[in-house]
Amino acid sequence: MGSITFEEILDKLKNYDGEEVHIMEVCGTHTAAISENGIPSMLSPKIKLISGPGCPVCVTVTAVIDRLVELSMEENTIVLTFGDLIRVRGTHKSLADAKADGGHVRMVYSPMETVKLAKEDPSHTYVFAAIGFETTTPVYAMVLEEAVKENVKNLKLLTSLKTMPEVIRWVVKNGGGIDGFIAPGHVCAVTGSDTFKELSDELGIPFVVSGFEGKQLIMTIYALLQMKGKSGIKNLYKNVVTEEGNTKAKEVVEKYFEVSDASWRGMGKIKGSGMALKKEYADFDAGSIGLDEDHMPPGCSCASVLVGKLKPYECPLFGKACTPDNAHGACMVSTEGSCYNYFVSGRR
């Protein structure tokens, strides 16, 4: 980064004594990497790191969980999901609870497994919980591509797919006080770094695209400190991220999905912040439309934690009624969740 050494950057960050700077990361993997590398302890108290709505499981509303639970209890339906989602509670129960009650729930490790399972067992309908951001949407599109190619008609998706720019705009306009964003590296690998250019210019806030190593995150925070008060995009993850992104991934997404409104836990419905199956592929939809209800568990502060209004440890349940072994809210369930990462790293 210019002629300055990494040691000098560390020194400047540790001894920074200017105005308070609030930097938000909007990627759950960044949240985990910041905690694992002990980065907050390397910074001046005047540099505040805030975890934003970057954990896909955490921002999924309870209506989606409720629908998956309902489907799992149908006689000839099997719900397929990844590990984190299985423990997130809906209004009354989680998929793990449903499985214990006789529901048909199965964990998968790769989305492409779903096509194989459905093809080999045409007597059941398989419903895949397709939850995520721009990073995973191309994979779900490839699942559909394979299902169409193989003429697999007993595989459906329950989608809860989100996109980053609109929720970032919502967070800034409904809370404010953010001086810079650590842009999500995995998302930008698909969308390109330019996806945040218009937003940066509109908000007058800088975005720096970062990878996930501790050293790069430190350099990203320093870059945002230097850019404070200005708009602009800086890409420090150039070995993975380009300005235009992954053209092929974007093309396959555009084939099967279209921009839609989406409901976010604790934030309500945000216009243009999601992706939904196109009408011509409605036969693959397991009932994703209209899943907007969100019932927070009593005492849970996830809604405030997700938008940076509260630090995880400021929730009255944190570390008491809510721990990773007995998660009360979604932010403590997922390994990408803010509460989980604060708890396991002892971060304050």
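Trainee: In what order do the strands of the six-strand open sheet run?
Mentor: The order is E4-E3-E5-E6-E11-E10, and the pairing is mixed. Bear in mind that this is a predicted model.

Trainee: Which strands are the edge strands?
Mentor: Strand E4, residues 105–107, and strand E10, residues 257–264. Each of them pairs on one side only.

Trainee: And how far are neighbouring strands turned against each other?
Mentor: By 30° on average, with direction ignored.

Trainee: In which sense do E6 and E11 pair?
Mentor: Antiparallel, over two bridges. E6 covers residues 155–162 and E11 covers residues 268–277.

Trainee: What stands opposite Leu161?
Mentor: Met275, in E11.

Trainee: OK, helices. Which strands does H7 lie across?
Mentor: E10 and E11. Helix H7 spans residues 164–174 and runs at about 175° to E11.
Mentor: Helix H11, residues 247–256, also packs on the sheet. H11 touches E10 and E11, and its direction makes about 80° with that of E10.

Trainee: New topic. How many cavities of 30 Å³ or more are there?
Mentor: Three. The largest cavity holds about 80 Å³ of space.

Trainee: Which residues line the largest one?
Mentor: Among them are Cys300, Cys302, Cys315, Cys322 and Cys339. The lining also includes Val305, Leu317, Phe318 and Met332. Ser301, His328 and Gly329 are there too.

Trainee: How does that lining divide into nonpolar, polar and charged?
Mentor: Nine residues are nonpolar and three are polar. None is charged.

Technical notes. Residues are numbered from 1 along each chain as its sequence is written. This is a predicted model: local features need pLDDT of at least 70, side-chain atom pairs count only at pLDDT 80 or more; totals for chains, interfaces and linings use all residues. Side-chain values use heavy atoms; hydrogens and water are left out. Two strands pair if DSSP finds at least two bridges between them. Helices (H or I, at least four residues) and strands (E, at least two) are DSSP runs, numbered from the N terminus. Axes are lines fitted to C-alpha atoms, for helices over the stretch in contact, and angles run from 0 to 180 degrees between N-to-C directions. Contact means heavy atoms within 4.5 Å. On a 1 Å grid over the protein atoms alone, a cavity is a set of points where a 1.4 Å probe fits but cannot get out, and a pocket is an open set with protein on both sides within 12 Å along at least five of seven lines; lining residues have an atom within 4 Å of a point. Grid points are joined across faces, edges and corners, and a volume is the space filled by probe spheres set on the points. Ala, Val, Leu, Ile, Met, Phe, Trp, Tyr, Cys and Pro count as nonpolar, Asp, Glu, Lys and Arg as charged, and the others, Gly among them, as polar.
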